[in-house]
Amino acid sequence: MAVRIAHRRSNRPQAGRARGRIDPARFHAPARSNTISATSVSCDPGLSQPTWSFDALPTYGPGASLADPLPALAPRQGALPATYREASAEELAARIRTAKATLGDRVVILGHFYQRDDIVEHADFLGDSFQLANAALTVQDAEAIVFCGVHFMAETADVLARPEQAVILPNLAAGCSMADMANIDDVEAAWEQILAAVADSPGDGRQPIIPVTYMNSAANLKAFCGRNGGIVCTSSNAAAVLQWAFERGQRVLFFPDQHLGRNTARAMGVPDEAMPMWNPALPLGGNSPQALADARVILWHGFCSVHRRFTVEQIARARAEYPGVRVIVHPECPAPVVDAADESGSTDYILKAVQGAKEPTTFAIGTEINMVSRLAAQHPEHTIFCLDPVVCPCSTMYRIHPGYLAWVLEELVAGRVVNRITVGDDASADARLALERMLAAVPSATPPGGKA
Ligand code: 13P
Ligand code: SF4
């Protein structure tokens with residue numbers, strides 16, 4: 001589970017202030033202000049504008065998933081009151097601290113590793129998606145859980161929390177472009193087609209197919225897995241969960257992230273030929289019935305726009321410029337990138353690899369920039385840089401700005417719950433079943449996390 005953070009504001013290093021071990025021409029840390037500095041080399045000029053400039057627009061906003069189509073029914077955030085939009089960073093931080101102090105144990109703030117520093121400093125728990133799901137289970141006494149992450153994480157917390165607890169997402173537009181690449185209609189259609197295609201294949205006592213959804217998916221997809229003998233996985237436990245699924249099924253339908261599915265199954269010895277891709281826009285997902293019958297893992301055509309930016313060329317450049325560099329990438333990266341890296345692992349794995357390095361080490365890391373720049377700032381004994389020289393945060397994690405956090409907390413102080421995320425009772429029961437299977441399959445797969 002994630003670890004409750006003891007706040008020591010005075011001696012905490014800040015992003016972008018690592019001692020000069022990093023070549024500034026290669027590394028551009030996000031500024032610790034309300035927006036990413038306009039002088040940074042960034043993937044999108046919109047990053048220099050305030051987050052709320054994008055709330056009413058039908059896009060994910062600036063950052064890595066800007067070009068991904070936003071589903072028509074994706075939640076939109078209403079206008080943030082001017083008092084928050086116009087406040088300085090210092091004023092917002094002070095208002096958040098005051099509201100938190102007033103609320104005391106009535107509220108718990110959970111923060112994902114990819115959140116910006118001016119959110120992380122207020123988090124009671126910091127972790128990856130698995131650790132934060134566990135954290136939601138452990139804060140049964142809080143009236144409200146404010147989830148500084150993205151929509152699917154808040155839904156998961158609501159599924160695991162007591163019914164009376166309110167789970168709040170500070171900005172409703174903080175979705176996940178990868179999660180949005182699979183929806184229940186397409187998955188149910190795929191399921192029917194695959195079952196029909198493999199109906200005549202010889203059985204062996206196991207189910208013909210087991211659905212496995214990555215945590216990064218809507219609650220109704222987790223519920224689909226619960227109803228159909230399936231399970232949820234996260235990047236920190238995908239191998240154990242796939243093993244669980246292989247014991248019970250002849251094949252696995254893995255959604256929405258093709259890369260996590262492929263990288264994990266490959267490491268378990270599944271050949272690429274046994275992993276056809278399912279494109280929901282095509283009949284039979286673009287496959288022959290035989291390919292589906294022969295499959296061990298059918299991979300959904302989804303990806304993370306942050307992690308697909310990492311390339312083999314970036315790794316080659318890092319190795320040329322920093323001989324001996326230790327390259328670690330997240331398993332949401334494409335397989336050739338994982339192959340070219342020295343290691344791959346979840347955000348918590350990366351954190352622990354850096355924390356555990358005994359000697360001063362140069363790390364080139366392939367994951368979200370906020371986490372990498374925080375690690376660089378907190379570990380001046382190492383040289384740490386992001387493989388991608390361009391600042392390109394996760395568009396939707398970036399949506400959680402301190403202005404929204406101050407707003408939801410001050411509304412709570414006034415007795416109003418805004419931006420509550422709820423999962424309907426039916427979906428919640430089935431989704432909980434799939435989550436509980438994961439928690440039972442890998443109860444302690446992730447050691448306690450800490451502040452990144
Ligand atoms: P983890 O939190 O499982 O490391 O996944 C990273 C991610 O992309 C979250 O959206
Ligand atoms: Fe989704 Fe990728 Fe952002 Fe995670 S980093 S929330 S998977 S878009």
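Buried residues make up 53% of the 452 residues in this protein. Buried has a cut-off here: 20 or more other C-beta atoms within 10 Å of the residue's own, with exposed at 12 or fewer, partly exposed in between, and C-beta atoms placed from the backbone. This is a predicted model, in which local features need pLDDT of at least 70, side-chain atom pairs count only at pLDDT 80 or more, and totals for chains, interfaces and linings use all residues. Residues are numbered from 1 along each chain as its sequence is written, while chains are lettered from A and ligands numbered from 1 in the order in which they are written.

Now the overall make-up. The protein has 16 helices and 14 strands. Those are DSSP runs numbered from the N terminus: H or I of at least four residues for helices, E of at least two for strands. Of the contacts with a separation of 6 or more, 70% come from residues 24 or more positions apart. A contact means two C-beta atoms, placed from the backbone, within 7 Å.

Take one residue, Ile-96. Helix α2, residues 89-103, holds Ile-96. Ile-96 is buried, because 23 other C-beta atoms lie within 10 Å. Which residues does Ile-96 contact, leaving aside its neighbours within four places in sequence? They are His-122, Pro-402, Leu-405, Ala-406 and Leu-409. Glu-410 is 314 residues away along the chain, yet its C-alpha atom is 7.8 Å from that of Ile-96.

Next, a helix pair. Helix α5, residues 151-160, packs against helix α16, residues 425-441, at an angle of about 95°, and their axes are 9 Å apart. So α5 is roughly perpendicular to α16. Axes are lines fitted to C-alpha atoms, for helices over the stretch in contact, and angles run from 0 to 180 degrees between N-to-C directions. Under 35 degrees counts as roughly parallel, over 145 as roughly antiparallel, 65 to 115 as roughly perpendicular, and the rest as oblique. From α5 come Thr-156, Val-159 and Leu-160; from α16, Ser-428, Ala-431, Arg-432 and Leu-435. That contact has four nonpolar residues, two polar and one charged.

On to strand β4, residues 144-148. Five of its five residues are buried, so β4 is largely enclosed by the rest of the structure. Both faces are covered: one has Ala-144, Val-146 and Cys-148, the other Ile-145 and Phe-147. Strand β2, residues 107-112, runs parallel to β4 and is joined to it by five bridges. Ile-109 has Val-146 as its bridge partner in β4. Strand β5, residues 166-168, is also parallel to β4, with three bridges. There, Ala-144 is partnered by Ala-166.

Five of them form an open sheet in the order β7-β6-β8-β10-β9, with parallel pairing. The edges are β7 (231-233) and β9 (277-278), each with a single partner strand, so one side of each has no neighbour in the sheet. Pairing needs at least two DSSP bridges between two strands. Three bridges join β8, residues 252-255, to β10, residues 297-300. Phe-254 stands opposite Leu-299 in β10.

Last, the ligands. Residues around ligand 1 include Asp-128, Cys-176, Cys-304 and Glu-332. Its shell divides into three nonpolar, seven polar and two charged residues. Around ligand 2 there are 14 residues, and Cys-176, Met-178, Cys-304, Val-306 and Cys-394 come nearest. Near means a C-beta atom, placed from the backbone, within 6 Å. Ala, Val, Leu, Ile, Met, Phe, Trp, Tyr, Cys and Pro count as nonpolar, Asp, Glu, Lys and Arg as charged, and the others, Gly among them, as polar.
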